[in-house]
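Please look over the sequence and the structure first.

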Amino acid sequence: AIVAIWQGVQLKRTVIVTENAAEAIPKIERAYVFATVKRIVNVSIGPSGTANVSAIVSFFNHGKTPAIITMLRAYSGIFEFIPHELLEGTNERLPEGLVIASGESFPLPVDISISNTEAMEVEGLAKCFYCVGMIEYKDILGDIRETGFCWEYRQSEPGGFIFCRKSKLNY
């Protein structure tokens, strides 16, 4: 009788552990999308006094399943302070069909023209040049996920941008 009770307790523990493991699998297997920003060309000021800065935001899926993109937003700007929220803008849903496969990325070009004065302010560190945005995506379980990002331009960096640790846009 004691052995039967002990076996019953062990079986109950096994069932609980199995149920917890089954609930955790979707979380482990789902899509995880993060953004990186790289400069395409060096910042150069043209004869008109403006500079064109071209960057690429790469949304990389580190998860084990595809991510279905539902919304994308990315832009560059020159700010006196670290941006902690996105500027007002359109948050239009994209038609389904844009997918980031597991282990793959989705590139999004971001261009900005800056004046000679703005370029000098960035070089003199009076202001900083940032690339910010967000991606909203649906995982295979149908859950909506969102990742925000903020990268700061640094001319001395090989890719031109570094992850801005202090921004609340990184989530």
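Does Glu-136 count as buried or exposed? Glu-136 counts as buried because its relative accessibility is 7% (buried means under 20% relative accessible area, exposed over 50%, partly exposed in between, with a 1.4 Å probe and protein chains only). This is a predicted model, in which local features need pLDDT of at least 70, side-chain atom pairs count only at pLDDT 80 or more, and totals for chains, interfaces and linings use all residues. Residues are numbered from 1 along each chain as its sequence is written, and side-chain values use heavy atoms, with hydrogens and water left out.

**Around Glu-136**
- Glu-136 lies in strand β7 (strands are DSSP runs of E, at least two residues, and helices are runs of H or I, at least four, numbered from the N terminus).
- Opposite Glu-136 stands Glu-146 in β8.
- Beyond neighbours within four places in sequence, the contacts of Glu-136 include Ile-68, Arg-93 and Arg-145 (contact means heavy atoms within 4.5 Å).

**The sheet**
- Strands β7 (residues 128-138) and β8 (residues 144-153) run antiparallel and are joined by nine bridges (two strands pair if DSSP finds at least two bridges between them).
- Five strands form an open sheet with antiparallel pairing, in the order β5-β4-β7-β8-β9.
- β5 (99-100) and β9 (161-163) each have a single partner strand, so one side of each is left without a neighbour in the sheet.

**The cores**
- The largest nonpolar core has 27 residues, and Val-37, Val-57 and Phe-149 are among those that touch the most other members (a nonpolar core is a set of buried Ala, Val, Leu, Ile, Met, Phe, Trp, Tyr and Cys residues joined through side-chain atoms within 4.5 Å).
- β3 gives this core its largest share, five residues.
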